[in-house]
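Hi everyone, and thanks for coming. Please have a look at it first.

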Amino acid sequence: MSKFSTIAAVTLGLRDMIKAAMPPMVEVTTLPAAMAQTFVVQPGVRARVNVMFLRASVNTGFRNLSPGRDRDAVGVREALGGELGLHYLITVYGTADPEEEQSTERLFEGVHGVIMGSPVVGFRGSAPVLAEADSASNLDGARVLVESLSIEDIYRVFSALRAEYRPTLACVAMPSPRN
């Protein structure tokens, strides 16, 4: 299984999970930060929530959870998606009026509520292209946890991305392989 298809499956699953919980006239995208901040109001779209993949890290706790689960019948180590910790930034570009359903504050609250309310992303059938890939058959879903970033980390990320700071939620998704 390719780590790239795992990243794509989790990213699209997270996007679809957030999109299902958003009010009408809110676009949910997976753009880089520099492209997402150039939001142009279109007919029928008043706000944007952007899910941006930041980086992948090694999930060190994975091997402790299930000994032998990462080996096939012959004993050869398989490359499972559960070894990855996928870090995301979810940025909100809402309207300025706090009374509107598409305001930045309400959208941010909605994204946070979705992740805290149902922290498991299921991506079976979320993207027909990925259904043909190995990742759809080898992974059950991904557990999403809110991650805290210090002010210095946030400054570094947005400086490196050359983007203006927006209300952002950092989270980490850990794909869980099928038993």
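Let's begin at methionine 25, which sits in the loop between H1 and E1. The letters come from DSSP: helices are H or I runs of at least four residues, strands are E runs of at least two, and both are numbered from the N terminus. Before going further, please keep in mind that this is a predicted model, where local features need pLDDT of at least 70, side-chain atom pairs count only at pLDDT 80 or more, and totals for chains, interfaces and linings use all residues. Residues are numbered from 1 along each chain as its sequence is written, and side-chain values use heavy atoms, with hydrogens and water left out.

Methionine 25 has a positive phi of about 70°, although it is not a glycine. Is it buried or exposed, or something in between? At 35% relative accessibility, methionine 25 counts as partly exposed. The cut-offs are these: buried means under 20% relative accessible area, exposed means over 50%, and partly exposed is in between, with a 1.4 Å probe and protein chains only.

Now the overall picture. The chain holds seven helices and six strands, and along the sequence they follow the pattern α-β-α-β-α-β-α-β-α-α-β-α-β. The chain has 179 residues, and 40% of them count as buried.

Among the buried residues of H1 are Ile7, Val10, Leu14 and Ile18.

Four bridges join E1 to E2, and the two run parallel; strands pair if DSSP finds at least two bridges between them. Valine 26, for example, has alanine 47 in E2 as its bridge partner. Threonine 29 is also found in E1, and threonine 29 is buried, with a relative accessible area of 10%. Leaving out residues up to four places away in sequence, threonine 29 touches Arg48, Val49, Asn50 and Val51.

Next comes E3. E2 and E3 pair in the antiparallel sense over ten bridges. Arginine 55 has histidine 87 in E3 as its bridge partner, and phenylalanine 53 stands opposite tyrosine 88. How enclosed is E3? Ten of the ten residues of E3 are buried, so this strand is largely enclosed by the rest of the structure. Both of its faces are covered, with residues such as Leu86 and Tyr88 on one side and His87 and Leu89 on the other.

How many aromatic pairs does a search of the whole structure find? The search finds one. The rings of phenylalanine 53 and tyrosine 88 have their centres 5.6 Å apart and their planes at 65°, so the pair is edge-to-face. The rule is that rings of Phe, Tyr and Trp (its six-membered ring) pair if their centres lie within 6.5 Å; planes under 30 degrees apart count as stacked, over 60 as edge-to-face and the rest as tilted. Phenylalanine 53 lies in E2 and tyrosine 88 in E3, so the pair ties together parts that are 35 residues apart in sequence. Phenylalanine 53 is partly exposed, at 30%, whereas tyrosine 88 is buried, at 0%.

That brings us to the inside. In soluble globular proteins, nonpolar side chains tend to be buried together. A nonpolar core here is a set of buried Ala, Val, Leu, Ile, Met, Phe, Trp, Tyr and Cys residues joined through side-chain atoms within 4.5 Å. The largest core has 26 residues, and Leu14, Ile18, Tyr88 and Ile90 touch the most other members. H1, E1, E2, E3, H4, E5 and E6 each supply at least two residues of this core. Apart from it lies another core, of seven residues, including Leu89 and Phe158.

Note on methods
Contact = heavy atoms within 4.5 Å.
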